[in-house]
Structures are given as structure tokens and as C-alpha cells.
Amino acid sequence: MGREKIRYFCDECGYEAAKWLGRCPGCGTWNSFSEAPVAKKGFKKASGLSSAQEAAPLISLTEYEDGPPAERLPSCSREFDRVLGGGIVPGSVVLLGGAPGIGKSTLLLQLAAFIAKEKGVVLYISGEESRQQVQMRARRLKAASERLYFYAETNINDICRAVVELSPVLVIIDSIQTTFNSELSLHPGSVGQLRECTAEIVRLAKTCGSACFLVGHVTKEGALAGPKVLEHMVDVVLSFEGERHQNLRLLRGVKNRFGATDEVAVFAMGEEGLQEVDNPSALFLEERALGGPGSVVVAALEGTRPILVEVQGLVCPTAFGSPRRAATGVDYNRVVLVAAVLEKRLGFSLANQDLYVNVVGGLKVMEPAADLGIAVALASSYRNSAIAEDTVILGEVGLTGEVRGVSFMEQRVKEVVRLGFRRVLAPERSLELRDKFQSLDFIGVKTVQDALDKLI
Ligand code: TYD
Ligand code: MG
């Protein structure tokens with residue numbers, strides 16, 4: 001083989017270039033290029049008649065080469081299983097991303113403990129924490145088990161050797177950014193190392209049949225650190241989110257080769273690690289102050305699961321300077337749009353008022369279905385008049401002040417009934433659901449004005 005070819009990769013987005021660049025044309029980041037050798041690939045082997053014997057046999061999808069595929073393993077919680085698409089697929093590689101301190105190591109140690117107890121040997125590899133640290137956490141989580149092995153290692157070759165020797169059911173690598181291949185003269189965490197190590201782990205998982213969970217760091221913006229290729233290489237990408245100051249955590253599927261994405265599991269971080277929350281709506285509405293102006297309940301959709309949350313609006317006179325519009329947990333642009341509709345179509349005078357909209361509990365509701373809820377919350381605060389507390393509000397608001405239909409209405413309304421609410425204010429076209437939910441007082445509205453007339 002001739003000299004190795006050197007290429008340059010952006011550490012942020014993985015953009016590939018032939019020479020070093022100061023600014024990445026792909027993502028615009030400055031000074032993010034690092035060099036990585038690219039091995040020349042031997043394409044010749046795959047072509048030509050002489051290699052026909054070496055190639056894998058060609059068989060149809062209905063036949064199995066070596067028995068039917070292994071069954072999925074249940075994980076430590078039903079919610080987690082749902083996000084994974086029905087359990088852990090043996091031989092799959094899952095990447096779990098999340099902000100520092102959010103609870104990635106805790107979640108995976110709990111998973112490791114469960115699998116070790118129920119299914120077989122688990123190997124937990126940490127390049128970030130020492131044995132003592134992990135032992136302390138394991139004691140706290142009551143996770144210690146004879147079949148749970150710990151290995152503090154970052155060298156990918158040693159990791160592979162350990163996995164082959166132990167042939168565990170589950171391998172956990174915390175984190176992929178700390179692993180490195182000593183044959184490459186690159187820093188751990190650089191694009192070249194990440195790609196090599198991940199490729200090695202994917203190969204290992206496929207040949208040994210061990211399921212593999214990798215912890216991935218995230219950038220300041222919350223995206224997974226490292227090149228996008230990392231996400232392409234693994235089978236499942238999960239993201240663990242939440243406000244650090246609150247104990248609620250959301251596990252979200254971003255990519256899943258074995259199931260639907262967009263599924264969400266809710267966990268609460270407590271003294272003894274993460275507990276699944278099977279009734280998140282009740283949790284979000286727990287501390288609701290009843291009878292206060294500016295508070296409404298909307299049914300938001302997280303993946304395919306409806307969650308009822310409280311949206312609060314506050315309108316107060318601007319003390320000086322230009323008026324403020326602040327949005328926490330809702331889309332800022334939707335707040336501005338709703339405010340403009342209230343001003344122009346309903347005659348509210350908001351030019352000298354500050355507007356604040358807040359979703360309680362740290363949940364993010366980015367869908368337009370919450371528009372009408374935002375509008376009513378602001379109007380209720382503006383007029384200082386409370387909305388009946390047993391009402392849930394749903395609908396998208398258009399620029400002419402019309403209220404538009406919402407997707408998955410039936411699922412949302414089911415959740416409304418389950419939590420004991422008695423009234424739903426919904427777009428006129430969802431009135432067809434009225435017969436299905438006879439216990440509910442279904443109110444159809446055409447415009448925002450219509451909604452306010454019926455509520456305030
Ligand atoms: P950790 O899993 O170390 O986060 P990550 O691996 O994502 O960086 O979790 C750290 C936080 O979780 C820490 O602030 C303490 C908290 N925690 C609990 O509240 N209860 C527990 O039982 C455990 C183990 C951690
Ligand atoms: Mg950690």
C-alpha cells in the first residue's frame with residue numbers, strides 16, 4: 001500500500017475537504033478542521049470472478065442463514081422499550097446523547113443492572129469514571145451484580161478484546177468520545193477517531209451479537225457532538241433531555257432502524273435513580289393553581305403520546321423602552337404570531353404591554369396545536385379573568401384569526417377524558433368526535449374571537 005492519504009474533517013459536522021480550511025463551508029464553524037488519514041480501500045476484491053468463492057452466499061430474505069434472529073431483550077422499563085421500538089435488538093448499536101449531568105450514566109447503569117439480573121453478562125466500560133465512582137453509584141442504585149462487569153478502558157482494541165473474551169449480552173461504552181484507536185495519531189474525540197472507533201464497535205456488535213449502547217456528548221446547541229456520520233453508522237439514536245434543575249427527563253427517539261421515531265418516555269430523577277413516569281399528564285398538572293387568570297390546559301403531543309400541560313400567559317404594562325415578548329417552552333415565533341392576531345383581529349392593545357408565555361414543568365410544546373391555548377392564556381391575563389379549570393383548549397391559529405384543525409385529535413381527547421376534564425374547546429371540524437365522547441362538553445369554535453366569547 002502506498003502512503004496514507006490525509007483528508008481534513010470538520011469536528012462539528014464532519015464536512016470533508018482536501019485541504020485545511022479556516023471556516024467550515026458546511027456549518028460555518030471557525031477553526032474546526034482536523035486531519036485524519038483515510039485508508040485506501042481495496043475495491044478490487046468485490047469484483048471479478050476469482051473472488052466469487054469468498055463472497056457471502058446469496059439467499060432470499062425468507063430464508064435464514066443461521067436460524068431465526070434472536071428475540072428482543074426487554075429493558076429496565078416499559079417506557080424505555082417503547083422508545084426502542086419494543087425492546088433491545090441483539091447486535092444493535094444505540095447512541096444515547098444528552099447534556100452533561102442529565103443522567104445518561106445513571107440510565108445505562110440501571111439498564112445494565114436489569115439485564116445482568118435477568119438475561120446474562122453485561123460489560124460496562126467507562127472512560128470517564130473510575131471503578132470507585134461507578135461502584136458508588138451502583139451501590140446507590142442497588143445495581144451491583146455478579147454478572148455486571150466493569151472495565152475502565154479507552155483503547156478500542158482492548159475494549160474489543162474484552163468483549164470477544166466475555167461475549168456479553170449487553171455492552172455499554174461511556175462515552176464514545178473517550179475511546180481511541182492507538183494506531184491513529186489523532187486525539188480522542190476527533191472526527192477520525194470517532195469514525196474509526198464507532199465503525200469498530202458496529203462491526204463488533206454485528207459479529208458478536210451483543211447489543212451495544214454508546215454514550216455521546218452533545219454540543220452547546222444540544223446536537224450530538226461529532227460528525228453526522230456517527231448517527232448514520234449506528235442503528236438507533238436516542239436523546240436524553242430535561243431541565244437540570246427539574247427532576248423530569250425525556251428520552252426521545254431520534255432515529256430508529258427497528259421502530260418508530262418520535263416516541264418519548266418520561267422519567268423522574270430521584271434519590272434512587274430514574275423512575276419511569278406512566279402518567280406524565282398528572283405530573284405536569286400537579287401544582288396547578290386553580291382559578292388564576294392566564295392559565296389554560298392544552299393537550300400536546302410528544303411523539304404519539306398526548307400529554308396535558310398547563311400553558312401560562314402574563315400580560316403586563318411595559319415599564320420603559322420597547323415591550324418584551326418572552327416564551328419558555330413554546331415556540332417564540334408562534335407567540336409573536338398569536339399576539340399579532342390578538343392585536344389586529346381582536347382589537348387588543350398590546351403595543352405597550354410585555355407578554356410572557358410559559359409551559360409549566362419544563363416540557364417543550366412546539367406544535368401549532370397549542371396556538372389557541374396561548375391566545376386564550378394571553379387574553380385571559382389581559383382581561384384579568386380566569387378560564388374554567390376543567391377546560392382543555394386545542395387549535396391552530398391562522399393569520400386571519402381563524403381556528404384550524406389539529407392532528408391526532410382523537411388520541412388527545414382520550415387523554416382529556418382520562419384525566420377527568422369535562423370540557424374541550426376545539427376547532428369546529430373536530431366536532432365529529434362529539435358522538436364518541438358523550439361525557440364531554442365539546443365546544444367547536446371557528447375563530448379566536450369565537451373562543452373568547454365562549455370562555456371569558
Ligand atoms: P449522570 O448519570 O452522572 O449524568 P451524565 O452521565 O449524563 O453526565 O447523572 C448525574 C446527576 O444525576 C447528578 O447531578 C446526580 C443525579 N442523580 C440523582 O439525582 N439520583 C441518583 O440516584 C443518581 C445516581 C444521580
Ligand atoms: Mg456520565
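My entries follow, topic by topic.

**Ground rules**

I am working from a predicted model, where local features need pLDDT of at least 70, side-chain atom pairs count only at pLDDT 80 or more, and totals for chains, interfaces and linings use all residues. Residues are numbered from 1 along each chain as its sequence is written, chains are lettered from A and ligands numbered from 1 in the order in which they are written, and side-chain values use heavy atoms, with hydrogens and water left out.

**Ligand 1**

I looked up which residues come nearest to ligand 1. The shell holds 16 residues, and Gly101, Lys104, Ser105, Thr106 and Gly270 come nearest. I counted a residue as near if one of its heavy atoms lies within 4 Å of the molecule.

I then checked the polar contacts, which are pairs of N or O atoms within 3.5 Å. A backbone N or O atom of Lys104 sits 2.8 Å from an oxygen atom of ligand 1. Gly273 also places a backbone N or O atom 2.8 Å from a ligand oxygen. At Gly270, a polar backbone atom is 2.7 Å from a nitrogen atom of the ligand.

Ligand 1 exposes 560 Å² when taken alone, and the protein buries 74% of that. These areas come from the Shrake-Rupley method with a 1.4 Å probe.

Which elements give two or more residues to the shell? I noted helix H2 (104–118), helix H3 (131–140) and strand S11 (264–270). H2 gives the most, with three residues. Helices (H or I, at least four residues) and strands (E, at least two) are DSSP runs, numbered from the N terminus.

I sorted the shell by residue type: five nonpolar, six polar and five charged. Here Ala, Val, Leu, Ile, Met, Phe, Trp, Tyr, Cys and Pro count as nonpolar, Asp, Glu, Lys and Arg as charged, and the others, Gly among them, as polar.

**Aromatic pairs**

I searched the whole structure and got five aromatic pairs. Rings of Phe, Tyr and Trp (its six-membered ring) pair if their centres lie within 6.5 Å; planes over 60 degrees apart count as edge-to-face.

Tyr15 and Phe33 are edge-to-face, because their centres are 6.5 Å apart and their planes stand at 80°. Tyr15 is in the loop between S1 (5–10) and S2 (16–17) and Phe33 is in strand S3 (residues 33–38), so the pair ties together parts 18 residues apart in sequence. Tyr15 is partly exposed at 34% relative accessible area, whereas Phe33 is buried at 7%. Buried means under 20%, exposed over 50%, and partly exposed in between (1.4 Å probe, protein chains only).

**Salt bridges**

I counted 21 salt bridges. The rule is a side-chain nitrogen of Lys or Arg within 4 Å of a carboxyl oxygen of Asp or Glu.

Glu79 and Arg82 form one, with closest N and O atoms 3.4 Å apart. They are three residues apart in helix H1 (residues 78–84), so about one helical turn separates them. Is Glu79 buried or exposed? Glu79 is buried at 7%, while Arg82 is partly exposed at 28%.

Asp235 and Arg257 form another, at 2.7 Å between the closest N and O atoms. Asp235 is buried at 4%, and Arg257 is partly exposed at 48%.

I also noted Glu402 with Arg404, at 2.7 Å, N to O. Arg404 is partly exposed at 43%.

Last entry: shared partners join Glu79, Arg82, Glu263 and Arg305 into one salt-bridge network.

Technical notes: Polar contact = N/O pair within 3.5 Å; in protein donor to acceptor, adjacent residues only side chain to side chain. Phe/Tyr/Trp six-rings, centres within 6.5 Å; stacked < 30°, edge-to-face > 60°.
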